[in-house]
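Q: I have a structure open and would like to go through it piece by piece. Can we start once it is on screen?

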There are 2 protein chains.
Amino acid sequence: MAQQDAAKRFRTVGDGTGMTSDHRYEQEELQLAFRNRGMPLEGLRYDVTPTGMHYLLTHFDIPDVDMSAWNLSIGGLVKKPVSLSLDEIMGLPKRTEVVTMECAGNGRALFLPRSVSQPWLLEAIGTSEWAGTPLKGVLEAAGVQDDAVEILFTGFDQGVQGDEVQYYQRSLTIEEATRDEVMLVYEMNGRPLEPQHGYPLRLVVPGWYGMTSVKWLESIEAVAEPFNGYQMHATYRYALTPEDPGDPVDIIRVRSLMAPPGIPDFLTRTRLMGPGAVTLTGRAWAGRNSISRVEVSSDGGVTWSDAQLGPQPPQFAWHKWTAEWSATPGQHTLMVRATDSQGNRQEVEPAWNIQGMGNNMAQAVDVIVEAS
Amino acid sequence: MAQQDAAKRFRTVGDGTGMTSDHRYEQEELQLAFRNRGMPLEGLRYDVTPTGMHYLLTHFDIPDVDMSAWNLSIGGLVKKPVSLSLDEIMGLPKRTEVVTMECAGNGRALFLPRSVSQPWLLEAIGTSEWAGTPLKGVLEAAGVQDDAVEILFTGFDQGVQGDEVQYYQRSLTIEEATRDEVMLVYEMNGRPLEPQHGYPLRLVVPGWYGMTSVKWLESIEAVAEPFNGYQMHATYRYALTPEDPGDPVDIIRVRSLMAPPGIPDFLTRTRLMGPGAVTLTGRAWAGRNSISRVEVSSDGGVTWSDAQLGPQPPQFAWHKWTAEWSATPGQHTLMVRATDSQGNRQEVEPAWNIQGMGNNMAQAVDVIVEAS
């Protein structure tokens, strides 16, 4: 252990356990919050999030990909290794999907104790119209061999995490990688990807939390063993103790969010509004499942009433909902919870885990209603 | 005073003084950090910041402007009050300017004691190609009367600050408002404004800190007295004591920033690199002044050497610089400071003020160089 400590190059943040029971934040966490942008919740009004409002998580730096040298290589256990230029990829069959994406760590900072990491509150979400070519076609052209069990995706983004120098890498089983909706994406909202969203090419895996949709793709490789790199074994796990390896994080859990009504106080973001009828509105989503019910509470979760669901959205996009509320003078805590087509429902209390993954606890919005 | 406290509707964050001597952050500050996005510093590589990487400060909510009803009204002390549609504004003479914008509160969280507010570190910057029509032409068409002393700009964004319900409003003297470069802007980087940057129309005042470039314009009014609203008298002041009204914040102070070299550690953002020759690079800017000198230190500010300035940029855009560094194994603190054409130079220690305004202290970047 002493040897391992000596090998640590970077100072420890907090008390060294990687956990804290404080709802105050270290400067390093703040620094991450400025790099890794949330979607302001009034952005829930848009079917498709404006590009610059979409959430963003970058583990390391946004790489400066040299396009004069860039080709996507598809290799490993394939019959015909190939190297494709961006023009060649754009010449393949095109598919467009509206996809709601969410960071697996969304809600991490609302756990207590909480992991010292990217301290997401509620805003690590966004919905884009992604366009590209199905990965399945590219893999078929290369001819994945029978002894391959996974497809490994490597990005250009390099850094240190857990004291390990690494390129960002994640894998998918062949079955998951060859689903129809999995795409190599070069367009977001009808435009080439901006650098921070993965230019020139990224993976988009609809229904999964965002860590799987590897940005700045450098290579794709068919491999004989399940990939066990840092971003697979050391993080993105539902672990309950330091010894527990935990289940891997995968599909997005059911969640709903409300666009806060009224107007905000600058610092606290508490809402102020007048009395009377108001239409509350927001969105709900559940990975590959559809939304079957959304409920709203105006008394902090004591009583709930059904919201109205809007038109059925595309399979992987968020579902609009509205709810009428008669606001009376006083302080209120509004809440919303969704239930998906498999009967999974958001809880008011979070399902705690060490890394702060998949926290889909019901949102609470404090509102002050004043007689006008 | 008791009456005033009773009138306060929103709870106080921190100890109630509005200041703290702690470099740990309240959840409310974190919440603001996720809404108000910084530009990751590797973005210094771009002459023009990709739209979704530009910094963003929104005092209240991003408004949902109803375009079926929108017209810009120009009124008050004018001979011919006018109301212009977006199409009419887009039909007026077009001007394009590449402008570096910075939030006046950039660096606030690096002061100690520090104001509890939007806790910017270094990233509240960005450079865009803004296009619109000169404000001067619109004011001339309306005919500002001789008894007007200022032009008042009102945005659609409404909220509470200092317990005062308000629309966001700022003013400029007639002299400042009629400078050639002041524009009513409807395009950012060749595209219509995204909602969060002021759609459909915003003011851009090149050379000034960002608070002056009012977004989501609702109206423009010529007024007989200097405007003394909340965003003029209560904030954006260089105040040294609670009693000191302080000078108003206006033109952007000289500043330089470095794109951190090497690769980052995920949590601390400390940089790791190998030994040998490396070209450090970044940008410098100084409001309306040009940059005359940039210096780099690799020993935490003990010794400095001149960086090379790139080609002269447009008047209001940042100036690229490079510096060669021979990295030797060990820990180093890199720093950079700029001097402008008026002889103003960044200091290593910040020029403290209560609200955390205009903190242009020299940046420090910690680097670990390891023998490969």
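Q: In what order do the five strands of the open sheet in chain B come?
A: The order is 3-2-12-7-8, and the pairing is mixed. Strands here are DSSP runs (E, at least two residues) and helices are DSSP runs too (H or I, at least four residues), both numbered from the N terminus. Two strands pair if DSSP finds at least two bridges between them. Before going on, note that this is a predicted model, where local features need pLDDT of at least 70, side-chain atom pairs count only at pLDDT 80 or more, and totals for chains, interfaces and linings use all residues. Residues are numbered from 1 along each chain as its sequence is written, while chains are lettered from A and ligands numbered from 1 in the order in which they are written.

Q: Back to that sheet: which strands stand at the edges?
A: Strand 3 (82–84) and strand 8 (164–173) of chain B do. Each has a single partner strand, so one side of each is left without a neighbour in the sheet.

Q: What does the twist average from one strand to the next?
A: The average is 25°. Angles run from 0 to 180 degrees between N-to-C directions, with axes being lines fitted to C-alpha atoms (for helices, over the stretch in contact).

Q: And how many bridges are there between strand 7 and strand 8 of chain B?
A: Nine, with strand 7 (residues 150–161) and strand 8 of chain B pairing in the antiparallel sense. For one residue pair to look at, Gln158(B) has Tyr167(B) in strand 8 of chain B as its bridge partner.

Q: Over to chain A. Is strand 6 mostly covered or mostly open?
A: Mostly covered: seven of the 10 residues in strand 6 (residues 125–134) of chain A are buried. Buried means 20 or more other C-beta atoms within 10 Å of the residue's own, exposed means 12 or fewer, and partly exposed is in between; the C-beta atoms are placed from the backbone.

Q: Which way does it run against strand 4 of chain A?
A: Strand 4 (residues 95–102) and strand 6 of chain A run antiparallel, joined by eight bridges. Arg95(A), for instance, is partnered with Gly132(A) in strand 6. Strand 6 of chain A also pairs with strand 9 (residues 183–188) of chain A, antiparallel again, over five bridges. There, Thr133(A) stands opposite Leu184(A) of strand 9.

Q: New topic. How is chain A divided into domains?
A: Domain 1 covers 2–248 and domain 2 covers 255–369. Those bounds come from an automatic or database domain assignment. The centres of the two domains, taken over C-alpha atoms, are 27 Å apart.

Q: How many residues of each are in contact?
A: 31 residues of domain 1 of chain A are in contact with 24 residues of domain 2 of chain A. Contact means that two C-beta atoms, placed from the backbone, lie within 7 Å.

Q: Which element gives the most to the domain 1 side?
A: Strand 4 of chain A, with four residues.

Q: Is helix 2 of chain A mostly covered or mostly open?
A: Mostly covered, with seven of its nine residues buried. Among them are Leu30(A) and Phe34(A). Helix 2 of chain B is part of what covers the buried residues.

Q: And what do the buried residues of helix 2 of chain B pack against?
A: They pack against helix 2 of chain A. In helix 2 (residues 27–35) of chain B, seven of the nine residues are buried.

Q: Last one: where does His23(A) lie?
A: His23(A) is in the loop between strand 1 (19–20) and helix 2 of chain A. It counts as partly exposed because it has 14 C-beta neighbours inside 10 Å. Leaving aside neighbours within four places in sequence, His23(A) is in contact with Leu112(A) and Gln27(B).
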